[in-house]
Amino acid sequence: MALNIKTIREQFPALALKDEGKARIYLDNPGGTQVPRQVLERMEHYLIHTNSNHGGPFRTSAESDKVLEDAHQGMADMLNAKSADEIIFGANMTSLTFAVSRSIGRLLKRGDAILLTRMDHDGNVGPWLHLADDLGLEVKWLNFDLETYEYDLTEAESIFKNNNIKLAAINYASNCLGTINNVKALTEMAHHSETLVFVDAVQYVPHGPTDVQDIGCDFLACSPYKFFGPHQGVLWGKAEMLEKLEAYKVRPAENTAPGKFETGTQLHEGQAGTLGVLEYLEWLGETMGAEYHKNFPEFSGRRKNLHAAMLAIQDYERTLSSSLIEGLQNLAGVDVKGISAGKDLARRVPTVSFTVKNQNPEEIAVKLAAENIFVWHGHNYALEAVRLMGLEESGGVVRIGPVHYNTLEEIDRTIEVLKTCW
Ligand SMILES: Cc1ncc(COP(=O)(O)O)c(C=O)c1O
């Protein structure tokens with residue numbers, strides 16, 4: 001195994017905390033991850049040394065602007081964007097999606113259709129439903145298969161063929177089922193019908209290398225706080241699309257991307273912190289990801305290290321998925337709501353949701369919390385997915401979401417505690 005988990009854990013101060021002598025087991029990561037020291041150092045340095053608004057002729061403003069430029073370039077490397085100008089920072093994925101959906105709406109007209117999916121988090125559903133309401137758009141839904149927990153690509157093809165779909169909002173990895181979707185194939189399909197493709201990659205970016213040029217989509221959104229950074233959102237858009245879109249902006253603001261979409265004063269210390277997490281991942285790729293560098297012959301420098309880091313993380317996390325799913329399946333009454341066969345684990349992230357016969361998900365989460373094991377329960381904003389599975393009334397699912405800083409011992413401990421929960 002490439003990753004040295006002990007060394008990795010030492011980078012994250014929060015992982016060493018104990019409460020009444022009990023270690024914290026963070027399995028709430030799909031809701032937000034802990035941060036490495038590089039994030040803390042970057043944020044502190046920003047606020048002490050370079051705290052300023054944008055565009056001034058004095059030292060702090062110039063240095064602050066340099067941090068912002070680096071953060072944009074860093075995210076361009078992380079996502080393999082062509083240019084830092086394609087990277088838009090904002091409060092979070094949901095706010096960015098609401099904002100850009102208004103701009104995209106200017107390209108659409110009454111009677112056009114959009115495709116939404118039953119697998120998406122509401123952050124990639126709600127903004128488009130509002131747009132459909134405002135403009136009189138038709139909404140077509142792509143379901144997922146209740147046995148395989150994947151989209152049916154032939155169903156998708158037929159929706160694109162038989163409707164005037166102008167925009168498809170699709171999900172890279174599900175925050176509920178854990179499925180990794182073939183967003184490249186869906187994008188190709190959509191582009192045959194000249195449909196714009198908006199990918200929600202919030203739950204994929206923490207678990208694997210992301211390459212917007214390879215996917216070929218038009219927009220892709222993610223959230224640094226889900227990949228070990230501060231509370232921030234990032235939207236990538238293809239340069240020609242960003243140029244074409246009219247931004248909802250104040251008049252003195254820049255007329256070019258990314259500035260025209262970054263309304264008001266940004267969370268500069270958040271962008272500094274995002275740069276910190278990229279430094280952490282770069283370090284990981286450089287020191288522990290050497291064997292993965294060959295997978296990215298076209299990249300060099302930070303871009304290569306970031307992508308190698310994410311591939312190393314992906315490989316390690318499969319051991320966590322496998323152990324977690326196997327442990328859960330050995331417990332009486334458990335129904336794992338996602339891809340479970342060992343041979344198929346490459347098509348999922350380690351976020352695992354499950355129900356237990358005659359048990360309430362919230363009560364299970366509360367019992368785990370009493371042992372300092374942090375997990376989420378309910379619908380986790382994957383409203384459509386939980387409804388399609390018929391679980392809304394019964395309290396949704398229990399969701400256990402390890403990331404690369406979690407250990408097999410933590411998974412074992414969680415399964416041991418679960419044995420006492422019902
Ligand atoms: C798949 C997915 N999309 C979107 C979001 C919303 O992200 P944000 O909190 O940055 O708006 C989340 C948050 O959990 C998510 O899991």
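In what order do the seven strands of the open sheet with mixed pairing lie? In this predicted model, the order of that open sheet is E4-E10-E9-E8-E7-E5-E6, and the pairing is mixed. At its edges stand strand E4 (87-90) and strand E6 (138-142), and because each has a single partner strand, one side of each is left without a neighbour in the sheet. From one strand to the next, the twist of this sheet averages 20°.

Helix H7 (residues 183-192) lies across strand E7 (165-171) and strand E8 (196-200), and runs at about 175° to E7.

Another open sheet is formed by four strands, in the order E11-E12-E15-E14, and here the pairing is antiparallel. Its edge strands are E11 (334-336) and E14 (376-378), each of which pairs on one side only, and the twist averages 30° from one strand to the next. Strand E12 (residues 352-356) pairs with strand E15 (residues 397-400) in the antiparallel sense over three bridges, and the bridge partner of Ser 353 in E15 is Arg 399. Helix H12 (residues 361-370) packs on this sheet, where it touches E12, E14 and E15, and its direction makes about 165° with that of E14.

| Strand | Partner strand | Bridges |
|---|---|---|
| E12 (residues 352-356) | E15 (residues 397-400) | three bridges |

Terms used:
Residues are numbered from 1 along each chain as its sequence is written. This is a predicted model: local features need pLDDT of at least 70, side-chain atom pairs count only at pLDDT 80 or more; totals for chains, interfaces and linings use all residues. Two strands pair if DSSP finds at least two bridges between them. Helices (H or I, at least four residues) and strands (E, at least two) are DSSP runs, numbered from the N terminus. Axes are lines fitted to C-alpha atoms, for helices over the stretch in contact, and angles run from 0 to 180 degrees between N-to-C directions. Two residues are in contact if their C-beta atoms, placed from the backbone, lie within 7 Å.
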